[in-house]
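Please read this briefing alongside the sequence and the coordinates.

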Amino acid sequence: MLAQVDYSTIGLLHFLILGAALFVCGLITMLTKRNAIGILIGVELVLNAANVNLVAFNRYSWSAENGSILLTGQVFAMFVIVLAAAEAAVALAIFLNFYNNFSTIDVERADNLKG
Amino acid sequence: MAMMVAQTVNMGSVLFYVFALIALVSAIGVVLSQNIVRTAVCLLFTLAGVAGLYLLLSAEFLAAVQLVVYAGGTLILIIFGVMLTSKSPFSRFQPRRVEVAIAIALGLVLLVMLIMGFDSAIHSRHFVQETSSQAQRYPMDKLGQVLLGDYLVPFEVVSVLLLTVMIGAAYLAKARRRERKGP
């Protein structure tokens, strides 16, 4: 399936595989951690994986002929970094509130709305 | 023979594998570590490795932003959250075995599906296959022009969002000791 791709030089595929691996690590972290901050760390990993993909696609879409350089992927990655920082701030404020009310950070204990 | 090896193993490949190894090993450390402080430190190394990859992709400004905002800002925020929300830094919650099994199975299926899907992405005609040996550079002011030209409206919206988040986070995290229920 992927046999025709040249593996000796670093290409787009290498970055995509690394991004996929980071994404899966973040997903497993989100699913297995019971500490709410651990879940937040998993979200950060997933966002980083998406950023790797964005920047790699941006880099390999520069066409060599006319020398035009698009920076859309890098700008998107920058917005993702800003939104990740904002998301972390709000999430930690919510976790602090949760800790103040339940005096634990275990997400399994947040079952007030469970029927 | 030695020349062939020297040709194929150039500096960029070696640097890629070094940074990718740093990022991947510490990402696996994030998954496996049960101590939340160690998890955060592993995330720091992952972020540093990804910043190195940005350098290899000739996104120098983004690498600097990654180190300053992520490793310097967001991670410190997470460490502060750990300090404020845990009775002892070594408190840990074990997930159930069934949950771990389901998560790992789901992750592996997703990984295989993603790698299978890369074939069409790679052979799309929009992407150049060969990397130029000399790194293609762009002037740094182009990034600023794009950010304040084509993406001016999202840029301003993001600034308003940051202000909102700052006020909202300060309001949410405000200590309300009198309302607190006893443990």
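A residue is called buried if 20 or more other C-beta atoms lie within 10 Å of its own, exposed if 12 or fewer do, and partly exposed in between, with C-beta atoms placed from the backbone. The model is predicted, so local features are given only where pLDDT is at least 70 and side-chain atom pairs only at pLDDT 80 or more, while totals for chains, interfaces and linings use all residues. Residues are numbered from 1 along each chain as its sequence is written, and chains are lettered from A and ligands numbered from 1 in the order in which they are written.

**Serines with positive phi**

- Ser58(B) lies in the loop between H3 and H4 of chain B, where helices (H or I, at least four residues) and strands (E, at least two) are DSSP runs numbered from the N terminus.
- Ser58(B) is partly exposed because 18 other C-beta atoms lie within 10 Å, and its phi is near 45°, a positive value in a residue other than glycine.
- Ser103(A), found in the segment after H3 of chain A, has a phi near 50°, which is likewise positive in a residue other than glycine.
- Ser103(A) counts as partly exposed because it has 14 C-beta neighbours inside 10 Å.
- Most residues other than glycine have a negative phi.

- Chain B has seven helices and zero strands, and buried residues make up 20% of its 183 residues.
- Among contacts in chain B (C-beta atoms, placed from the backbone, within 7 Å) between residues at least 6 apart in sequence, 54% join residues at least 24 apart.
- The 21 residues of H3(B) should span 30 Å, and the end C-alpha atoms are 31 Å apart, which agrees; the expected span is 1.5 Å times one less than the number of residues.
- The axes of H3(B) and H4(B) come within 8 Å and cross at roughly 175°, the axes being lines fitted to C-alpha atoms, for helices over the stretch in contact, with angles from 0 to 180 degrees between N-to-C directions.
- That angle makes H3(B) roughly antiparallel to H4(B), in a scheme where angles under 35 degrees are roughly parallel, over 145 roughly antiparallel, 65 to 115 roughly perpendicular and the rest oblique.
- The contact of H3(B) with H4(B) has 20 nonpolar, one polar and one charged residues, where Ala, Val, Leu, Ile, Met, Phe, Trp, Tyr, Cys and Pro count as nonpolar, Asp, Glu, Lys and Arg as charged, and the others, Gly among them, as polar.

**Contact between the chains**

- The contact takes 79 residues from chain B and 68 residues from chain A.
- The largest share of the side of chain B that touches chain A, 14 residues, comes from H5(B).
- By class, that side of chain B has 54 nonpolar, 19 polar and six charged residues.
- Leu92(A), which lies in helix H3 (residues 72–102) of chain A, touches Leu77(B) and Gly81(B), not counting residues up to four places away in sequence.
- Leu92(A) counts as buried because it has 24 C-beta neighbours inside 10 Å.

**Confidence in chain A**

- The mean pLDDT of chain A is 85, and 88% of its residues reach 70 or more; pLDDT is the predictor's confidence in each residue, from 0 to 100.
- Over residues 1–5 of chain A pLDDT stays under 50, and for these the model has five contacts beyond four places in sequence.
- Where pLDDT is low, the predicted coordinates should not be read in detail.

Technical notes
Contact = placed C-beta atoms within 7 Å.
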